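I opened my notebook to look up a few things in this structure. Here is what I wrote down, entry by entry.

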Amino acid sequence: MLRYDSTSSSAGSSSGSLSSSSSSSKPPQQDIDGLLAGAGYKVRSSELRQVAQRLERLETAMGNSPADFSQLASDAILYNPSDLACWVDSLLTEFAEPPPTCSSDFIVDPVNNQTVVNSAWTAAEPHTPQVHQNITYDEQQSLDNQLTVVTAMEEDSGIRLVHMLMTCAECVQSGDLSLATSLIDDMQGLLTHVNTVCGIGKVAGHFIDALSRRIFQGMGGGSVNGGSAFENEILYHHFYEACPYLKFAHFTANQAILEAFDGHDCVHVVDFNLMHGLQWPALIQALALRPGGPPLLRLTGIGPPSPDGRDSLREIGLRLAELARSVNVRFAFRGVAASRLEDVKPWMLQVNPKEAVAVNSIMQLHRLLGCEQTRNSPIDTVLSWIRGLNPKIMTVVEQEANHNQPGFLDRFTEALYYYSTMFDSLEACRIQPEKALAEIYIQREIGNVVSCEGSARVERHEPLAKWRRRLSGAGFRALRLGSNAFKQASMLLTLFSAEGYSVEENEGCLSLGWHSSPLIAASAWQAVPAWDNHMSSS
Amino acid sequence: MVQNHRREDHETGGENKEKRPKFFINDHVNILIEILERLDGRSLCVAASVCRLWCTIASNDSLWENLCFRHVSPPPSSVRSVVLALGGYKRLYTGCVRPVRSRLGRVRRASWARDEVQLSLSLFCVDYYERLGGSNSNGRLVEKSSPSSLMFLCKPVNV
């Protein structure tokens, strides 16, 4: 390993002393963190936390003083990044402003209230004890300034968990189930050291469960998706309350449908998954208030059949009818009970040729994707009969994730990243029991993505780009969601958390993300008139 | 109009009261209404606790209608019937408009005022629908005694 030597004037002595201290104490090889060593970095496990904090400070310093940064970039001094601790320290001293006289003071940076260690380091003093003192003082400051301090143990364990999860998934893909099993045991042991209430520990716990289900119960899925329709509706409702994804989906789709129905007196909405019908009150109200008066609204709700003689679809229809009656909107409801969307035939919807039709699919189309790319796969069948209805608009909201890849490891990696982000966003929710039940809802999705295969795996999410290709290929063209939809979505997300959620517009489609990682995407489509059909008037 | 009708009622009530030598606001209900019309939501709620007359006036939905549309150009008349059907302006204001305005206040843009009311109205409608569910429940649907789709507006946002 290249020893960093005192070629640089200001930073030389400090880093030299630091590296000399580390080399003089001759850390045993086992103390070097194994995981980072695999990536080429040598950091002592005991120093992980300190190095992490220093990296954070370096990042802040770089952001605060771009002038210094460019100077640094043009400077020809070579630092050895594999000795991460020294490298960070030496860079930090480059950023520190050398004050004229003070030797061991700590300057509090007024911008972000962090202590910037000044070039007291350059003074020829025994640095080692002072450096560690600095760090302790800095820790206190950090705690006071509400920076999250993750203990070295926890951070270490969190990183290890992720690595072990990936390794386990690789074993599962290659069929090495015995190693996978022992990894599961190790991970479950490691979970006890990690905070499982939030953060990586919680998500990791769910993924470990899903992996073990896959290994031990085979890929039929067990009881992952076996929840009753009633349970699913409850979980869905709490997911609706706890985070803005479904509200975003509903409000955006409603805005698009409202604009598409402009000028029509007979309108018909086909909802691919009625659930509790939470999307439709807002549309009914908006239609009631539209200039020119409300149209005749027909709603066809598709949902799973109720097991015990209860007609849940009809109950929802009655509730919606009562609301429509209160606001003087002529309303008719029809329920279509089908356990799978591909079982629905267009004649069941009883579409009148004179009415304007809107097809609404909130996270349903991906369930039609099978693993085999056959000619008449369910998605093609359904898309072709939708096209046959000639809808004024088809609103499609789908998870913005690539969870339908054939390779298990790729899928697993994507899912880990996606659901970690989603759980992060759930932290902004403060209401219970909505939050806990929303987590169970997400947990079931994770279980399906990870531990199921074949027809049991229904959560086959695909990103917007793929849906664009698929829908264009099926004879649809994209409609732009207008600025009203964007404005409404921004306002809605601000209500939930101004700091975390973001709406982005992407070629006429809106996507909602958490800290600019997109999680859910909404788009609107219209059937392209076929060349060999009669050109009907609407 | 509802407000005038109410005013007449209270004037007759006021005339029956003993005439005092000095000015007593409750004798001049029309002035009282003019004053209460200009209050903000919280003050209006406080005013409702003063006495029965004030309580009656403060519960008058048209005062709350003023509050909802205070910073917005007057909406079309069809809005009123819809809002009354969904639960009234007081409920709309306290449940939706006020929390929406205060949350968005931090990042508000000037052009959002009307959209805020529209968004509030949509949320209000979902809330009404959920309240319907409670009354229609036959024991299998989730009983929601308090509207939960607006719960996210009630809790403080931790930003």
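I started with A:His515, which lies in the loop between β10 (509-514) and β11 (517-527) of chain A. A:His515 is not a glycine, yet its phi is positive, about 50 degrees. The residue is partly exposed, at a relative accessible area of 47%. (Buried means under 20% relative accessible area, exposed over 50%, and partly exposed in between, with a 1.4 Å probe and protein chains only.)

I then looked up A:Gln350, in the loop between β5 (331-337) and β6 (356-362) of chain A. A:Gln350 also has a positive phi of about 50 degrees without being a glycine, and it is partly exposed at 45%.

**Entry: ground rules**

I noted that this is a predicted model, where local features need pLDDT of at least 70, side-chain atom pairs count only at pLDDT 80 or more, and totals for chains, interfaces and linings use all residues. Residues are numbered from 1 along each chain as its sequence is written, chains are lettered from A and ligands numbered from 1 in the order in which they are written, and side-chain values use heavy atoms, with hydrogens and water left out.

**Entry: salt bridges**

How many salt bridges are there over all chains? A search of the whole structure gives 19. (A salt bridge is a side-chain nitrogen of Lys or Arg within 4 Å of a carboxyl oxygen of Asp or Glu.)

I checked a few pairs:

- A:Lys247 meets A:Glu241 at 3.7 Å, N to O; A:Lys247 is buried at 0%, and A:Glu241 is buried at 1%.
- A:Arg340 pairs with A:Glu342, with the closest N and O atoms 3.4 Å apart; A:Arg340 is partly exposed at 46%, and so is A:Glu342, at 24%.
- A:Lys487 meets B:Asp115 at 3.1 Å, N to O. This pair joins two chains, because A:Lys487 lies in helix α18 of chain A and B:Asp115 in helix α8 of chain B. A:Lys487 is partly exposed at 24%, whereas B:Asp115 is buried at 17%.

I also found a network of salt bridges linking A:Arg214, A:Arg411, A:Glu453 and A:Arg457.

**Entry: the second largest pocket**

I looked up its volume, which is about 800 Å³. Which element gives the most to the lining? It is α8(B), with 7 residues. Elements that give two or more residues are α11 (245-260), α12 (280-288) and α18 (483-496) of chain A, together with α8 (113-136) of chain B.

(On a 1 Å grid over the protein atoms alone, a pocket is an open set of points where a 1.4 Å probe fits, with protein on both sides within 12 Å along at least five of seven lines; lining residues have an atom within 4 Å of a point. The volume is the space filled by probe spheres set on the points.)

**Entry: chain B**

The domain assignment, which is automatic or from a database, gives chain B domain 1 (26-59) and domain 2 (72-134). Their C-alpha centres lie 22 Å apart.

I finished with helix α5 (residues 61-68) of chain B: 7 of its 8 residues are buried, so it is largely enclosed by the rest of the structure. Among the buried ones are B:Trp64 and B:Cys68.

Conventions
Helices (H or I, at least four residues) and strands (E, at least two) are DSSP runs, numbered from the N terminus.
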